Amino acid sequence: MNAGREQAGVVDRRLLPTALFGVAALVAFGAAVAGGGTPDKGTWFALCVLLGCTLGFAFARLDAPRAGALTALLFAGGAAQLLVTDPGWYQFIHLSPDGIAEACLFVLIAAQGVLSLLAVVMVAGRDRLQKVIGAFGLFRLVALFVLSGLFTVSIMGFMWRGDYMGYLLHLVAGGIFAGIGLLNVLAIVTSPDLPQIAPGPRLAERLSHAVPVVAPLVLFMAAVALSWLAFEGIPIVEDETAYLFQAHTFAGGAVMAPPLPAGTAPAFEYYLLQPDGRGWYAVTAPGWPAVLAIGVLFGAPTLINPLLGGLSVWLGHGFWKRVGGRGQADLAALLMAASPWLLGMSASLMTHPLCLALTLGAWLLLAIARDRADAGATGVAALAFAAGLCMGWLFMTRALEGVLLGGLSGIWLLWRFGQRRRYGPVFGYALGCIATGALLFPYNMVFTGHPLATPQTVYLAALWGAGANAFGFGKDIGPPGGWGTLDLWHGHSFAEGLINLTNGLNSLNFELFGWTCGSLLLIWCYLLWARPQRPDRLMLIVAASVVGLHFFYWFTATFYIGPRYWFGAFFAFVILSVAGASGVIDRLQGAGFAAARHRIVTAIVICCVFGGIVTTSWRGGERYSTRAGLGRLIAAYQMPEAPEIGPEGAIVLLPCQELVEAAMYRNDPYLRPGRTIYALDRGAAGNEALLGAFPDRTPVVATTLRRECSE
């Protein structure tokens with residue numbers, strides 16, 4: 001025991017300078033980001049290299065200099081890959097370097113590939129190489145590299161302009177980049193000195209016990225930082241504004257705000273907000289706005305999703321520890337906490353973190369119910385009832401996911417307990433689902449007069465036509481005018497379903513973990529080498545069901561935070577990745593590599609640090625902060641045209657619809673005195689009804705913002 005303490009103490013003392021150096025690097029990184037929303041690209045790159053060198057220095061201090069050098073190379077080359085990638089709706093590589101700086105980045109990426117290949121070849125040797133090929137299979141190894149590069153560029157970014165040759169060139173470049181990243185990871189995994197950094201048994205046990213506490217806390221803090229520094233608490237897409245609007249309405253004690261004054265509705269036109277004779281309301285489902293209203297009441301709505309994200313990591317760890325064991329649960333929690341996809345969702349105002357927490361909460365309760373039933377304990381039906389409550393609220397939040405995931409969970413419950421003729425848990429689960437899920441029907445009655453017709457269904461039917469937002473194939477599905485590059489063709493067909501599927505896989509391949517070698521790497525490994533077990537087979541069914549169902553929907557929604565319609569399968573993707581890692585460990589052991597598990601887990605930890613910090617910060621600065629620009633401009637608007645505002649507040653007349661959309665989140669649904677109103681400037685005649693409805697307010701024409709309007 002004393003030896004264990006001494007070993008842990010030696011490790012701590014040797015790593016103390018590195019830890020301090022790393023903390024300083026992270027503080028500098030945060031300060032640079034906070035300094036202006038997003039740091040200068042050169043500064044960001046230098047900080048990424050500094051972070052990689054910090055890890056490399058730490059490994060060198062633990063007698064693993066080769067693994068440390070390869071880790072530093074992964075961070076430098078990976079950051080360079082991100083800098084030469086366009087972060088738009090469908091990101092692609094700059095094939096023609098823009099100046100000397102970008103040319104140097106391409107040289108660095110090439111050097112990363114050459115050095116990684118040399119490192120792999122030098123270690124392998126002829127005998128070891130034959131063992132590796134024998135253990136993994138030459139065809140499957142080639143397939144891994146092909147699959148890693150196949151989903152690196154979306155064809156949708158090129159099809160709308162018919163640039164198929166450009167797509168092929170970018171696909172080749174993306175495949176080369178992914179191959180270089182994969183070679184770098186393989187070089188780390190096969191590094192002879194990598195086992196030197198393995199923690200002792202006692203320290204490993206302590207780290208394992210810390211995971212369910214530290215991982216959720218890390219995600220919470222990272223999501224809060226991303227929300228403040230990149231999103232800046234600003235709704236970026238229309239859905240978020242609608243959720244926040246309805247949350248403010250609920251917090252005010254009503255399900256809909258009072259009707260807009262007569263003749264003023266055109267000044268407040270906004271997608272998903274419906275003014276009519278009964279009131280002014282968002283047409284979105286009520287489950288998430290009701291939870292978000294808690295944050296509104298406490299003055300901190302942007303903290304709700306980070307809390308839910310952290311809770312999801314804790315629930316996911318607890319659930320999978322009961323299903324797959326502590327080792328797999330620890331790895332799953334690590335992958336979740338470092339996922340740019342979950343971090344981005346947890347920093348936003350979208351519904352998905354609540355859905356994930358509800359799903360994992362229900363599954364954890366069902367896993368506890370299973371264990372108690374096996375032990376002959378009581379209270380199993382009560383646990384199933386609580387799980388049903390979670391699934392019912394999921395139905396209140398995203399009805400399709402509630403039906404799909406709740407239905408799959410119910411089928412498992414019926415299979416598990418029905419074969420023993422114990423139907424109490426099944427009935428308890430069903431009652432729980434009904435208790436919360438059925439609340440949607442009276443809610444629908446209030447807004448549409450029909451329990452099965454949601455406000456959003458009625459709204460979109462009136463806006464686009466009946467059945468336009470339905471699942472399936474047809475020439476009249478989707479918005480009548482199309483959604484530009486987000487929806488290639490009018491209607492929906494099998495061919496467009498295939499294109500949307502590949503587009504979703506491209507997005508998932510980047511957003512899931514943010515690895516330059518491809519985030520789907522471990523899932524490909526699962527399909528190629530794993531020995532499927534019943535738990536991960538169930539997760540495969542979940543993933544296939546979610547993805548397969550949305551094949552029949554006309555829109556993939558990958559332009560914001562990953563393929564968000566697939567987010568219901570997020571935990572399933574994580575578990576399939578964990579199972580893929582187990583499959584690779586088995587094959588490495590067959591190839592004669594010592595400490596195979598440690599090698600793979602260490603490589604995953606390194607990649608998670610890269611994805612969680614480097615990729616997420618790049619995403620935050622290059623996409624989220626940029627998209628929040630107009631909202632940030634509205635928040636900073638000082639109304640120079642009217643410095644003297646009366647006690648009733650001002651009416652800011654915005655010169656274009658783009659600015660109205662950016663400012664709508666700042667409007668109080670109740671239009672109460674003392675709170676600024678933002679509305680469209682419709683000219684003297686068009687503004688008459690608006691100004692007449694609020695005669696005591698000071699009108700401000702925001703002429704200085706006109707330059708922000710597109711032509």
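A: A disulfide is counted here when two cysteine sulfur atoms lie within 2.5 Å of each other. This is a predicted model, and a search of the whole structure finds 1 disulfide.

Q: Which cysteines form the disulfide, and how far apart are their sulfur atoms?

A: The partners are Cys656 and Cys709, whose sulfur atoms are 2.1 Å apart. The torsion about their S-S bond is about -85°, so this disulfide is left-handed. As for its place in the chain, Cys656 sits in the loop between strand 5 (650-654) and helix 26, while Cys709 sits in the segment after strand 7 (698-701), so the pair ties together parts that are 53 residues apart in sequence.

Q: Is Cys656 buried or exposed, and is Cys709 buried or exposed?

A: A residue counts as buried when its relative accessible area is under 20%. Cys656 has 11% relative accessibility and so counts as buried, and Cys709, with a relative accessible area of 14%, is buried too.

Q: What does Cys709 touch, apart from residues up to four places away in sequence?

A: With those sequence neighbours set aside, Cys709 touches Pro655, Cys656, Glu658 and Leu659. For a sense of distance, the C-alpha atoms of Cys709 and Gly327 are separated by 54 Å, and these two residues are 382 residues apart along the chain.

Q: How should I read a cysteine that is in no disulfide, and where is the nearest cysteine sulfur to Cys390?

A: One looks at the distance to the nearest cysteine sulfur, and for Cys390, which is in no disulfide, this is the sulfur of Cys433, 9.5 Å away. Cys390 is buried, with a relative accessible area of 18%.

Q: What is a nonpolar core, and how many residues does the largest one have here?

A: In soluble globular proteins, nonpolar side chains tend to be buried together. In this model the largest nonpolar core has 222 residues, and those with the most contacts inside it are Trp341, Phe571 and Leu654. Helix 14 (residues 352-374) contributes the largest share of this core, namely 15 residues.

Q: Which residues does Trp341 touch?

A: Leaving out residues up to four places away in sequence, Trp341 touches a set of residues that includes Leu508, Glu511 and Leu512, and also Ile561, Gly562, Pro563, Arg564 and Trp566. Phe567, Phe570 and Phe573 are likewise among the residues touched by Trp341.

Q: How is the packing of two helices described, and what are the angle and the distance for helix 10 and helix 15?

A: Two packed helices are described by the angle between their axes and the distance between the axes. Helix 10 (residues 287-297) and helix 15 (residues 380-397) pack at an angle of about 100°, with their axes 6 Å apart. Angles from 65 to 115 degrees count as roughly perpendicular, and helix 10 and helix 15 are therefore roughly perpendicular to each other.

Q: Which residues make the contact between helix 10 and helix 15?

A: Helix 10 contributes Gly287, Trp288, Ala290 and Val291, and helix 15 contributes Trp393, Met396 and Thr397.

Q: What should I look for in the backbone, and where is Ala595?

A: One feature to look for is a positive phi in a residue that is not a glycine, as in Ala595, whose phi is about 55°. Ala595 is in the loop between helix 23 (570-590) and helix 24 (596-627), and this residue is partly exposed, with a relative accessible area of 38%. Leu671 also has a positive phi, near 50°, and its place is in the loop between helix 26 (657-663) and strand 6 (677-680). Leu671 is buried, with a relative accessible area of 12%.

Q: Where is His550, and which residues is His550 in contact with?

A: His550 is in helix 22 (residues 534-550) and counts as buried at 13% relative accessibility. With neighbours within four places in sequence left aside, His550 is in contact with Leu400, Phe471, Tyr565 and Trp566. Ile541 lies in helix 22, and at 46% relative accessibility Ile541 counts as partly exposed.

How values were computed:
Residues numbered from 1 in each chain as written. Predicted model: local features only at pLDDT ≥ 70, side-chain atom pairs only at ≥ 80, totals over all residues. Heavy atoms only, no water. Core = buried A, V, L, I, M, F, W, Y, C linked by side-chain atoms within 4.5 Å. Buried < 20%, exposed > 50% of the residue type's maximum accessible area, 1.4 Å probe, protein only. Helix = DSSP H or I, 4+ residues; strand = E, 2+ residues; numbered from the N terminus. Contact = heavy atoms within 4.5 Å. Axes fitted to C-alpha atoms, helices over the stretch in contact; angles between N-to-C directions. Parallel < 35°, antiparallel > 145°, perpendicular 65-115°, else oblique.
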